[in-house]
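These notebook entries record what I looked up in one structure. The sequence and the coordinates come before the entries.

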Amino acid sequence: LLDCATEVTVGKVLFADRVDTALAAPAGVAFRRALPDEVARAFPEHGPPFGEWVLDLGGEVVAAGGVLLHYNLPYGDLFMDVVPAHRRRGYGSFLVQELRRACRAMGRVPAARCDP
């Protein structure tokens with residue numbers, strides 16, 4: 001490709017699902033389905049709906065995410081965010097692990113893509 005193409009750009013990076021993780025839930029955190037409107041309150045910048053799964057820390061949503069299933073069979077595209085005040089504590093890693101499990105339970109192959 002690089003021998004014949006003159007202007008190759010990368011639009012997205014696609015991450016493979018090859019390594020299973022066994023991360024323990026951070027202390028006091030539960031992975032569960034989101035209740036109506038709680039994700040919109042935690043992430044008003046994303047607009048509803050942002051995700052159907054949350055990490056709950058004592059009744060507070062500290063992270064949310066989901067699996068997009070409307071295109072790109074057999075893949076389920078994972079997406080997530082962590083409330084800024086709760087970042088760098090392992091919540092994002094744990095949430096991605098649990099979203100991967102949920103995706104597989106739906107019969108899909110977990111995938112994630114991001115801007116380069």
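The entries below cover conventions, the sheet, a helix and selected side-chain pairs.

**Conventions.** I worked with a predicted model, in which local features need pLDDT of at least 70, side-chain atom pairs count only at pLDDT 80 or more, and totals for chains, interfaces and linings use all residues. Residues are numbered from 1 along each chain as its sequence is written, and side-chain values use heavy atoms, with hydrogens and water left out.

**Sheet.** I took helices (H or I, at least four residues) and strands (E, at least two) as DSSP runs, numbered from the N terminus. I then looked up the strand order and found an open sheet of 6 strands, E1-E6-E5-E4-E3-E2, with mixed pairing; two strands pair if DSSP finds at least two bridges between them. Strand E1 (13–15) and E2 are the edge strands, each pairing on one side only. On average, neighbouring strands of this sheet are turned by 30° against each other, direction ignored. I noted that E5 and E6 pair in the parallel sense over 3 bridges, and that Gly 76 stands opposite Pro 110 in E6.

**Helix H2 on the sheet.** H2 packs on the sheet and touches E2, E3, E4, E5 and E6; its direction makes about 155° with that of E5. Contact means heavy atoms within 4.5 Å. For the angle, axes are lines fitted to C-alpha atoms, for helices over the stretch in contact, and angles run from 0 to 180 degrees between N-to-C directions.

I compared the length of H2 (residues 91–105) with expectation: its 15 residues should span 21 Å at 1.5 Å a residue, and the end C-alpha atoms are 21 Å apart, which agrees. The expected span is 1.5 Å times one less than the number of residues. Just after H2, Gly 107 takes a positive phi of about 80°.

I listed the buried residues of H2, among them Tyr 91, Phe 94, Leu 95, Leu 99 and Cys 103. Buried means under 20% relative accessible area, exposed over 50% and partly exposed in between (1.4 Å probe, protein chains only). The cover over these buried residues includes strand E3 (53–57), strand E4 (60–68) and strand E5 (75–82).

**Gln 97.** I asked which residues Gln 97 is in contact with, leaving aside its neighbours within four places in sequence. They are Thr 21, Ala 22 and Leu 23. Gln 97 lies in helix H2 and counts as buried at 3% relative accessibility. Its side chain reaches the backbone nitrogen of Leu 23 at 2.6 Å, and a polar atom of that side chain lies 3.4 Å from the backbone nitrogen of Ala 22.

**Salt bridges.** I searched the whole structure and found 6 salt bridges, each a side-chain nitrogen of Lys or Arg within 4 Å of a carboxyl oxygen of Asp or Glu. Side chains of opposite charge can pair when their charged atoms come close.

Arg 32 meets Glu 38 at 2.7 Å, N to O, and Asp 56 at 2.8 Å between the closest N and O atoms. Asp 56 lies in strand E3 and Arg 32 in strand E2, so the pair ties together parts that are 24 residues apart in sequence. Glu 38 is buried at 8% relative accessible area, and Asp 56 is buried at 12%.

Within helix H2, Glu 98 and Arg 101 are 3 residues apart, about one turn of the helix; their side chains meet in a salt bridge at 3.4 Å, N to O. Glu 98 is buried at 14% relative accessible area, whereas Arg 101 counts as partly exposed at 41%. I also recorded a network of salt bridges that links Asp 20, Arg 100 and Arg 104.

Technical notes:
A polar contact is a pair of N or O atoms within 3.5 Å; within protein, one must be able to donate a hydrogen and the other to accept it, and residues adjacent in sequence count only if both atoms are side-chain atoms.
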